Amino acid sequence: MTEGIRNNLMDAGCPEDSAALVEQFYSAGHLDDALRQMRVIRCGLIDELHLSQRRVDCLDYLIRRIEKETKTTTERR
């Protein structure tokens, strides 16, 4: 079971040391500690997701701006 947990954590993008810590907690029967650590990892992933979303929003803004500029330039010709 612990190998499945570690593989799943690695698939989720967890750092090796964090995955190992969760695995240690789980193997030792410290399920509350394992859950707490997974929630910490999850929060970090959510922060990364929000940062990526802000970056995508910036690109979307620039794309719309340049498309609008292109349309305006084309209409003037």
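Modeller: The following questions and answers concern a predicted model, first the chain and then some of its residues.

Colleague: What pattern does the protein chain follow along the sequence?

Modeller: The secondary structure of the protein chain consists of three helices and zero strands. The pattern is α-α-α.

Colleague: What is the radius of gyration of the protein chain, and why is the chain described as more spread out than a compact globule?

Modeller: For 77 residues the globule rule gives 11 Å, and the value for the protein chain is well over this, so the chain is more spread out than a compact globule. The C-alpha trace spans about 75 × 20 × 15 Å along its principal axes. The radius of gyration is 22 Å.

Colleague: What percentage of the residues of the protein chain count as buried?

Modeller: A residue counts as buried when its relative accessible area is under 20%. The accessible surface of the protein chain comes to about 6500 Å², and 55% of that surface belongs to carbon and sulfur atoms. Of the 77 residues, the part that counts as buried is 14%.

Colleague: Which residues make up the largest nonpolar core?

Modeller: This core has seven residues in all. The elements that give two or more residues to the core are α1 (2-11), α2 and α3 (31-76). The residues of the core are Ile5, Leu9, Cys14, Ala19, Val22, Ala34 and Ile41.

Colleague: Is Ser18 buried or exposed?

Modeller: Ser18 is found in helix α2, which covers residues 16-27. Apart from neighbours within four places in sequence, Ser18 is in contact with Gln37 and Ile41. The relative accessible area of Ser18 is 14%, and because the cut-off is under 20%, Ser18 is buried.

Colleague: With which residues is Gln37 in contact, leaving aside its neighbours within four places in sequence?

Modeller: Gln37 lies in helix α3. Gln37 has a relative accessible area of 17%, so it is buried under the 20% cut-off. Its contacts, with those neighbours left aside, are Ser18, Leu21, Val22 and Phe25.

Colleague: How far apart are the C-alpha atoms of Leu59 and Gln37?

Modeller: Leu59 lies in helix α3, and Gln37 lies in helix α3. Leu59 is exposed, with a relative accessible area of 53%, whereas Gln37 is buried. The two residues are 22 residues apart along the chain, and their C-alpha atoms are separated by 34 Å.

Colleague: Is Arg55 buried or exposed?

Modeller: The place of Arg55 is in helix α3. From Arg55 to Glu69 there are 14 residues in sequence and 21 Å in space, C-alpha to C-alpha. The relative accessible area of Arg55 is 53%, and because the cut-off is over 50%, Arg55 is exposed.

Notes:
Residues numbered from 1 in each chain as written. Predicted model: local features only at pLDDT ≥ 70, side-chain atom pairs only at ≥ 80, totals over all residues. Heavy atoms only, no water. Helix = DSSP H or I, 4+ residues; strand = E, 2+ residues; numbered from the N terminus. Buried < 20%, exposed > 50% of the residue type's maximum accessible area, 1.4 Å probe, protein only. Contact = heavy atoms within 4.5 Å. Core = buried A, V, L, I, M, F, W, Y, C linked by side-chain atoms within 4.5 Å. Rg over C-alpha atoms; globule rule 2.2 N^0.38 Å. Areas by Shrake-Rupley, 256 points an atom, 1.4 Å probe, with all protein chains shown as cover.
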